[in-house]
Amino acid sequence: MEQSNMHQGVANSIPNSESNQLPASSKGLLVLVVVMGIMIVIGTGALLWVIVHRMMHPHAVSEQSLPQAVNTVTPPISGNPALLAISRHGDEQIRSVVPRADGTLAVTLVSSQGDGRIVVWLPEQARIIAEFDLRTLRP
């Protein structure tokens with residue numbers, strides 16, 4: 001009897017044959033996935049380090065980092081505080097005082113009837129530079 005070939009029809013497995021190799025595009029994608037994974041890990045670590053570092057070392061906000069519009073009104077040159085003397089009409093009361101970017105203060109006066117006016121005051125010269133009567137604006 002002849003010996004039969006038991007492995008007939010089974011492909012021979014050679015370590016460096018074409019069947020075991022990935023196409024070039026798959027290798028490139030695999031490299032990109034690995035690089036992106038490394039970048040995500042490094043970025044997450046850097047973000048956590050920054051958060052912990054800022055929590056451990058808080059810093060005060062300096063005046064130079066604030067915008068100019070936030071600066072407060074400078075006091076009068078004479079050293080004495082400037083006083084605002086407004087003649088009130090009826091039962092007017094001060095509703096708000098708003099500092100403006102040009103150094104003036106906008107003072108809103110309102111009466112119990114809902115009428116009001118806005119006075120723009122310049123503290124450096126201790127004088128009223130404008131007054132807006134809101135009663136005349138009603139239809």
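Let's start with residues 66–76. Their pLDDT stays under 50. pLDDT is the predictor's confidence in each residue, from 0 to 100. Over that stretch the model has 13 contacts beyond four places in sequence. A contact here means heavy atoms within 4.5 Å.

You will have guessed that this is a predicted model: local features need pLDDT of at least 70, side-chain atom pairs count only at pLDDT 80 or more, and totals for chains, interfaces and linings use all residues. Residues are numbered from 1 along each chain as its sequence is written, and side-chain values use heavy atoms, with hydrogens and water left out.

Now the confidence of the whole chain. The average pLDDT is 75. A score of at least 70 is reached by 65% of the residues. Where is confidence lowest, and where is it highest, in the chain? Lowest is strand 4, residues 127–133, with a mean of 86. Highest is helix 1, at 93.

Next, the layout. The chain has 1 helix and 4 strands. Helices (H or I, at least four residues) and strands (E, at least two) are DSSP runs, numbered from the N terminus. In order from the N terminus, the elements run α-β-β-β-β.

How much of the chain is buried? Of its 139 residues, 14% count as buried. The cut-offs: buried is under 20% relative accessible area, exposed is over 50%, and partly exposed is in between, with a 1.4 Å probe and protein chains only.

The accessible surface comes to about 12100 Å². Carbon and sulfur atoms hold 62% of that surface. These areas come from the Shrake-Rupley method with a 1.4 Å probe; for residues, only the protein chains shown count as cover.

One more figure for the chain. Take contacts between residues at least 6 apart in sequence. Of these, 27% join residues at least 24 apart.

On to helix 1. This helix covers residues 24–56, and V52 is found in it. V52 counts as partly exposed because its relative accessibility is 48%. V52 also belongs to a nonpolar surface patch of about 660 Å². Patches are made of residues with over 30% relative accessible area and no salt bridge; like charges are joined within 9 Å, and nonpolar side chains (Val, Leu, Ile, Met, Phe, Trp, Tyr) within 5 Å.

Now strand 1, residues 93–99. I94 lies there. Is I94 buried or exposed? I94 is exposed, because its relative accessible area is 55%. Look across to T108. I94 and T108 are 14 residues apart along the chain, and their C-alpha atoms are separated by 5.9 Å. Leaving aside neighbours within four places in sequence, I94 is in contact with V107, T108 and L109.

Now the salt bridges. Side chains of opposite charge can pair when their charged atoms come close. The rule used here asks for a side-chain nitrogen of Lys or Arg within 4 Å of a carboxyl oxygen of Asp or Glu. How many salt bridges does that give? The count comes to 3.

Take E92 and R117. Their side chains meet in a salt bridge of 3.0 Å, N to O. This pair links distant parts of the chain, 25 residues apart: E92 sits in the loop between helix 1 and strand 1, and R117 in strand 3, residues 116–122. Why does E92 count as buried? Because its relative accessibility is 2%. R117 is buried too, because its relative accessible area is 2%.

E131 also forms a salt bridge with R117, with the closest N and O atoms 2.5 Å apart. That pair links distant parts of the chain as well: E131 is in strand 4, R117 in strand 3, 14 residues apart. E131 is partly exposed, because its relative accessible area is 45%. So which residues make a network of salt bridges? E92, R117 and E131.

R117 touches other residues too. Leaving aside neighbours within four places in sequence, its contacts include I86, H89, V107, F132 and L134. For E92, on the same terms, the contacts include S87, V110 and S111.

D102 and R100 meet through their side chains at 3.2 Å, N to O. D102 counts as partly exposed because its relative accessibility is 47%. R100 is partly exposed because its relative accessible area is 39%.

That's my tour. Thank you.
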